[in-house]
Each structure stands twice: as structure tokens, then as C-alpha cells.
Amino acid sequence: MPIVLFEDRGVDHLHPVALGRPAFALTCGGYRLIDLIRSTLGDLPIAREIEYIVRPHLRTLVPLDFPELRPLDANAGDPAVDNTLWISARTVASLDNMQALRALVLQGQPGYVQYADSVAAALVPIRGPIATAQLAPATVATYFNSLGVPQIVEPQYALSLLEYPHDLVRHHQSCIRDNLAHRLKSGAYRQLSDGLFVADDVKIGEHVVVDSRRGPVVLDRGVQIGPFCLLAGPAYVGHDSRLIEHAAIKDGVSLGHTCKIGGEIEASIIEAYSNKQHHGFLGHSYLGSWINLGAGTSNSDLKNTYGQVNMEYRGRKTPTGMQFVGCFMGDYAKTAINTGIFTGKTIGACSMVYGFVTTNVPSFVNYARSFGQVTEAPVEVMIATQARMFARRNAEQRSCDIQLLRDMFTLTYEERHQAGEQLLPEPLSL
């Protein structure tokens, strides 16, 4: 009886942060969904085998990055007796959701749980013939209805899903304390001082201030903290990351592994291998992997009117219901020195940003709109840049990493050319 993590067409609304990764690998509250499932449901027989359905351009990458998972095999198992727990890859990585999933499994009756117009999870007696298609939310519900399984509406089985990028920050703030408490139960950390928990080989410089009144500070193995830093919980720093001197981490920050961080960060998520090494403010934001913010880069996370922030996603205005909303950056994006990012902006994958960011930025562009220049960034330049970045971190540039960039470039063509900008091809320079 396996688990199937499935991406549906709702993942498209998570652009650009889910462009280069499966939705179950987005970090929220210090955990990726796949990691929290294994940590909280791993004792159940159903979790011994985890399968997945992902978008076509990720099908080569996922088996290499997640070798313990396998693509859904619709022909495996005995359809007469096997139960399968289907979980939306957009499920928020929170303990509340994990408790609801556990309850769904233990009650043992087939059925599906809906969130808005999407199927969030289902317990069904067969795996079924839908593995070959990317699923629209309506298609998923129709499929489960065709199996004769009912919708489950009891509150104890309710689940929350990510609908838009800003939901990552919203749910991150509400679940990080509980998620960190769960992480500490693993026994991999020792309490160094009141509210400060460290794994092996952590190095902390002099005159570091720890404020744990709102939650713990958790430093994973190999983390280095420079002198004169502020660490205000709840906060999590992934393994082998480094905070330079005078860094201020506060009010709910989650840093992935192998990051270099400086300046002030508040209520934000940064994925693995990204750098914000210099002074500047980052607040209520999400940064993907392999991002670099130039010195002095800052974003706004509050409107001058103190009103709620509306995001624009693919030309449509979407209310967030949030007063504090920063920026959301896809993998491999870069900013130049002293870049200023306005409230509630998205920056596409593999884009280079200069000056003031007053609009959303498409993927694969050189964006200097305040200087009258927006040009397309050739994919070959990004491939060469990727090779240099990987070499600096002793990471192998695999053929699937190169192909992912090519696929991302193709997938975002319309995004660039419908952005209302005069996109000019930039001379190829490697």
C-alpha cells in the first residue's frame, strides 16, 4: 500500500518558484513536504514505498535527486486489494496536515479530501490508469468519483494546499514553530544555551545574540556563525550554511543547506545553494536555489498605505489577505548591487535583475527596466553560468541539469514575449 505524490495543473499557479523543482520539494516551515512525510508517516506501512507523478520536464531529474522514490507504476500491485494514499504535491508541509493524513490512513475507508476545487488527498483501493497524464483538479476528482469513493468532509481530515507562491510565506509563518519542535524530537541536536539547538560541527563566533522568546533557533551540522550576529527564533539554518558577521536572522527564517547569508532577513525562506552574503534587507520572501543577491539588494514587504498586498500572477490580480508580502524568486535568478525590489513582485528563473524592480520579471531576461532595457537571456549563457556556479560548490553539472535549463527556457517563452516588453536578443557572451 504505497503513497503517491501527484502534481496537478494547480502547480502552474506556483510559477516561478516551482518551475525547476517538483512541488513536493518546496520548503515551508523548515521542511520539504517529502521530508516531512517520511519523518511523520514513516512508521506506517503505507510509507514504505513512495511513488510520484510530476510534470514531464522533471521526469529525468527527480529519479536522480530523489532516488528513494519511484515513478508511479499503474500496473504494479494487486488492484483488488492494494490501497493507495494519494497526496497532492502542493500539500503544505505542516504537522497539522501530517496528522490529518495519518488519520485518513488509520480510518481505513476509501474516500478523497478536497481543498477548494482541488483534490488534496485520497485513500483508494487501486492506483489506476491516470499515471501518464498531468492532472487537472477536476480530472482528479472525476477520477476518484469514477472509483465510487466518496468525498470526506470531516474536519479532522481537512488539508491545506499551496495555491500561489505567497502561500509559502503565509503557511511558513504559521507552522515553523511546530515544525521545529518536531525536528528537535529527532535527537540530532543538543541544547547549547537557552533556546539554541545545534547539531555536530557547528561553529559560533563571539558576541552572537540568541533571542528564543518566540521560538527556538536550530543550527544543523556544519553551520558556521560569524561574530556579532543576531539569531531570533523561530529559525532554522540548514547544514553547511554560513552566516557572515553582523547578520540578523529573525522572526521566522528557514535557510537551506550550503547557503551564505549576510544582512537582515525576516520571515523568509531561502532554498539550498543560494547566497545573500552582503548587507541589505530581505523580508517575507521566498528565494529558490542557486540565487545570488548582489550587495545592497533590498526588497519592500510593506506598502506605504499599510494595506493588504495584491499579487499579480500572469496578468491577473490576486488578493493575498496579507499585509507583509515580499518577493518570490525562481531558481538561478541574480540581482546586481543596490537592486531595489518593490512589494509583492515575482522574479522569474534564470533572470538577471538591475536597478529598481517595479514589475514582475519574466524568466530568462536581463531586466533593467528603470534604465529602459529588457533583453532575453540566452539559455547557453545560463548553462555556462550554471557550470561555473556548480564548480564553485564542488557540484557536478549533470546532463539533466543542462536539459532542465533548456526545458525551462522553452516553457517560459510565452511568458517573456507576452510581458509587454520590447525583448531584444542579447549578443551571446559566455
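This is a predicted model: local features need pLDDT of at least 70, side-chain atom pairs count only at pLDDT 80 or more; totals for chains, interfaces and linings use all residues.
Residues are numbered from 1 along each chain as its sequence is written, and side-chain values use heavy atoms, with hydrogens and water left out.

Six strands form an open sheet in the order β5-β4-β1-β6-β8-β7, with mixed pairing. Its edges are β5 (70–71) and β7 (111–115), each of which pairs on one side only. Strands here are DSSP runs of E with at least two residues, helices are runs of H or I with at least four residues, and both are numbered from the N terminus; two strands pair if DSSP finds at least two bridges between them. Five bridges link β7 to β8 (residues 118–124) in the antiparallel sense, and tyrosine 115 stands opposite serine 118 in β8.

## Helices on the sheet

Helix α3 (residues 95–107) packs on the sheet, where it touches β6, β7 and β8, and its direction makes about 35° with that of β8. Contact means heavy atoms within 4.5 Å. Axes are lines fitted to C-alpha atoms, for helices over the stretch in contact, and angles run from 0 to 180 degrees between N-to-C directions. Helix α1 (residues 33–41) lies across β1 (3–6), β4 (50–53) and β6 (84–88), at about 165° to β1.

The axes of α1 and α3 come within 10 Å and cross at roughly 55°. Leu33, Leu36, Ile37, Thr40 and Leu41 of α1 make the contact with Leu95, Met98, Leu101 and Arg102 of α3.

## Nonpolar cores

A nonpolar core is a set of buried Ala, Val, Leu, Ile, Met, Phe, Trp, Tyr and Cys residues joined through side-chain atoms within 4.5 Å; buried means under 20% relative accessible area, exposed over 50%, and partly exposed in between (1.4 Å probe, protein chains only). The largest core has 76 residues, of which Phe24, Leu26 and Ile37 touch the most other members. Its largest share, six residues, comes from α3. Apart from this core lies another, of 35 residues, including Leu231 and Ile291.

## Backbone features

Cis peptide bonds join histidine 15 to proline 16, with omega about 5°, and glycine 233 to proline 234, with omega about 0°. Proline 234 is in the loop between β15 (230–232) and β16 (235–237).

Alanine 116, in the loop between β7 and β8, has a positive phi near 55° and is exposed, with a relative accessible area of 56%. Alanine 267 has a positive phi near 50° but is buried, at a relative accessible area of 1%.
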